Amino acid sequence: MKRVSLLLLLLVALCWASCDKDDVWTVSPNAKLEFSCDTVSFDTIISTHSSITKTLQVWNRGNDGVRILRVSLGEGSASHFRVNVDGEFLQGGSGEDFEVRGKDSLFVHLEVTLPSSDSDSILPFEDELRFELESGVQQSVKLIASGMDVYTLRGTVFESDTTLRAGRPYLVYDSLVVCPGATLTLEPGVCLMFHDSVSMQVHGRLLAPGTLNRPITFRGDRIDRLFADLPYDNTDHRWGGIHFHGESLDNVMTQCDVHSGDYGILCDSPAHLDPDHPTLVLANSVIHNVHGMGLSSEGCYITAIGTQFSNSFGYTLNLVGGAYDFVHCTVAQYYPWDPTSHIALYLSNCVGDNEEDYRPLHWAHFVNCVITGRGDDVIEGRILENQDYKCDYLFRNCFLRTVASNDSERFVNVVYDSDTLAVTGNAHFCKFVDKGYNYSFVPDSLSAIRGIADTTYTRLLAPFDRLGIDRMKEGKPDAGAYQSNYLATE
């Protein structure tokens, strides 16, 4: 038995020796390496912050082995890129003596940290990774990255009136607090990038007057990609959200883009509702792709005109008590990260199922709005009424995906979405969604959303849509935040 084992070990050893002896290392100039790409391109990177790791695979497609005398960065030790070749870090930007057997490959891992350029512009940086073979053949792969300087805010508390200027983005850590009595003004074009779970807490006042060409953006700080065609910025749960506390009144947000948070906008109940001092006025803005509620309000007065509320794991609009005017808004519930149907609008005058926890709903008026989604019925609520109190809610000239109502006083000139094709959204919206989860809620030219708006409200409050399109150009404005411009989108 021992003799058999020794013989077996001897045969294995001879096999190994034979394999090593059979390895042939070519110095032919025709033997070249093949790369998984000719350019390793990094997404835009925040200056002084390390990038994600990119991988380059290097193949030897030939039968004979190839020896690499040197792998080096063009900028050498001065390069901003870092390289690891098959487990060996290139100290000083250079390494020697690598081998790739025939029909084999090796992996190269790359990272980059770019310096601050003290610039408001995004600046490109380039280098190349060079491979010098034993045959004298030289090959290279281009390395590209772009650096973005930011202003860093850590645990920032605004105790007095402050204006944040446009230019480079603001990177927010820990929290951003506007104290009672203070007003924070954001110039058109300001971009606030919040770190994980960081939120904006407003006890005072926020003025964010963005414009069509210079919107104000609230987003997370991940600017790389989850997959090749999916930026992290198109996923939810990237940061906290905007929280208006009960003492915060007269907030105005125009052409603002709030997306990818744990929630969108949360409004706490004020001490008393004052029609002359609304909690929030939203105009031509977007609240999109959040993990919780899109807009959640308890007992507040909110006006929203020409605004898109879309794709939330929680209710897209959660309105409990208070007073609300929504004109030419699109509320679209197509949350992509969960297969179940979700509610676009929840309207109530009590908290949960507790009838004793009453919240007066003074009025809730929806005019020229689109409220739709993936589910068969995306509107839900709990309204308590009696002989002494009749709740004032109204849907006028709206497109609704819900069960048709015979209440002609509260549902006036409403078009109900009974088309089952609308489950995908393709029946009503141009383009709708692509592989990168970019959505468009512009009505399709044949959509039932088209031409159903009340022109009186359009002329008075929203003559132009969120993208600057003249709603009255064709004489029949569409419902929702967007006017179909099908001649330009076909």
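Strand β18 pairs with strand β23 (residues 256-259) in the parallel sense, over three bridges. Across that pairing, Thr217 sits opposite Asp257 in β23. Keep in mind that this is a predicted model.

**Around β18**
- β18 also pairs with strand β15 (residues 191-194), again in the parallel sense, this time over four bridges.
- In that pairing, Leu192 faces Phe218 of β18.
- Five of the five residues of β18 (residues 216-220) are buried, so the strand is largely enclosed by the rest of the structure.

**The 10-strand sheet**
- Here's the order of an open sheet of 10 strands with parallel pairing: β12-β14-β17-β22-β25-β28-β31-β34-β37-β39.
- β12 (162-164) and β39 (411-412) sit at the edges with a single partner strand each, so one side of each has no neighbour in the sheet.
- β39 runs parallel to strand β37 (residues 393-396), and two bridges join them.
- Phe395 has Phe411 in β39 as its bridge partner.

**Salt bridges**
- The count comes to 19 salt bridges.
- One of them brings together the side chains of Glu132 and Arg70 (3.0 Å, N to O).
- Glu132 is in strand β9 (residues 123-133) and Arg70 in strand β4 (residues 66-73), so this pair ties together parts 62 residues apart in sequence.
- Both ends are partly exposed: Glu132 has a relative accessible area of 26%, and Arg70 one of 29%.
- Glu298 forms another salt bridge, with Arg359, and their closest N and O atoms are 2.8 Å apart.
- Glu298 lies in strand β27 (residues 295-298) and Arg359 in the loop between β33 (345-348) and β34 (361-367), so the pair ties together parts 61 residues apart in sequence.
- Through shared partners, salt bridges also join Arg70, Glu96 and Glu132 into one network.

Definitions and conventions: Residues numbered from 1 in each chain as written. Predicted model: local features only at pLDDT ≥ 70, side-chain atom pairs only at ≥ 80, totals over all residues. Heavy atoms only, no water. Buried < 20%, exposed > 50% of the residue type's maximum accessible area, 1.4 Å probe, protein only. Pairing = 2+ DSSP bridges. Salt bridge = Lys/Arg side-chain N within 4 Å of Asp/Glu carboxyl O.
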